[in-house]
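Reader: I am new to this structure. Please show it to me, and then I will ask a few things.

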Amino acid sequence: MKLIIGLGNPGGKYRETKHNIGFIVLDEIAFQMGWAFNRSKFDSVYAEGMVKGEKVLLIKPQTYMNDSGRSVRPWMDYYNLSNEDIVVVYDDMDLPTGKIRLRQKGGAGGHNGIKSIIDHIETKNFNRLRIGIGRPFENQTVISHVLSPFHKSEHENMLFSVKKAADAVMYWAEGQTYVDTMTRFN
């Protein structure tokens, strides 16, 4: 079994914001696979399906970004999953819009959602896929940047990164190792 966890904030107010790129990637996967986010458990909404005979869950924590770990830990405990069985998809201001980076471990890098997951699962060693959202514009705060939608000029690059991230995650879900996935998509 595999968990694909997209980070974001619940509610229509945040739907198209940069901080919700993790949710947007999961929506793309669900669309491609014909799955629906029609269930809830452990403070999250989720979709599920089978990929090459293995159950895959797409999980959107509904705890708000800064408390994402509160939702992730129960999923891992309930299904007795290891860190190798999950991938967390989230936004990264240190990457330009349109770029993605896959890693197997690391710190939070100032990202409160990742910090929460590290605190709850008690390790920095888990698969991640970071999606670039770029830096704030001049005179823009970090908060207003991550909670704003992508600018028209960024939209094409954002769509490219969402599709590439969805492809990478599904490549992994089909049974490839995360190292192979990193080699192919980084």
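Reader: Which residue in β7 is the bridge partner of Arg103?

Author: This is a predicted model, where local features need pLDDT of at least 70, side-chain atom pairs count only at pLDDT 80 or more, and totals for chains, interfaces and linings use all residues. Residues are numbered from 1 along each chain as its sequence is written, and side-chain values use heavy atoms, leaving out hydrogens and water. Strands are DSSP runs of E with at least two residues, and helices runs of H or I with at least four, numbered from the N terminus. β6 and β7 pair in the antiparallel sense over four bridges (pairing takes at least two DSSP bridges), and in β7 the partner of Arg103 is Arg128.

Reader: Why does Arg130 count as buried?

Author: Arg130 is found in strand β7. Arg130 counts as buried because its relative accessibility is 16%.

Reader: Which side chain does a polar contact of 2.5 Å join to Arg130?

Author: A polar contact is a pair of N or O atoms within 3.5 Å; within protein, one must be able to donate a hydrogen and the other to accept it, and residues adjacent in sequence count only if both atoms are side-chain atoms. The side chain joined to Arg130 at 2.5 Å is that of Asp92.

How values were computed: Buried < 20%, exposed > 50% of the residue type's maximum accessible area, 1.4 Å probe, protein only.
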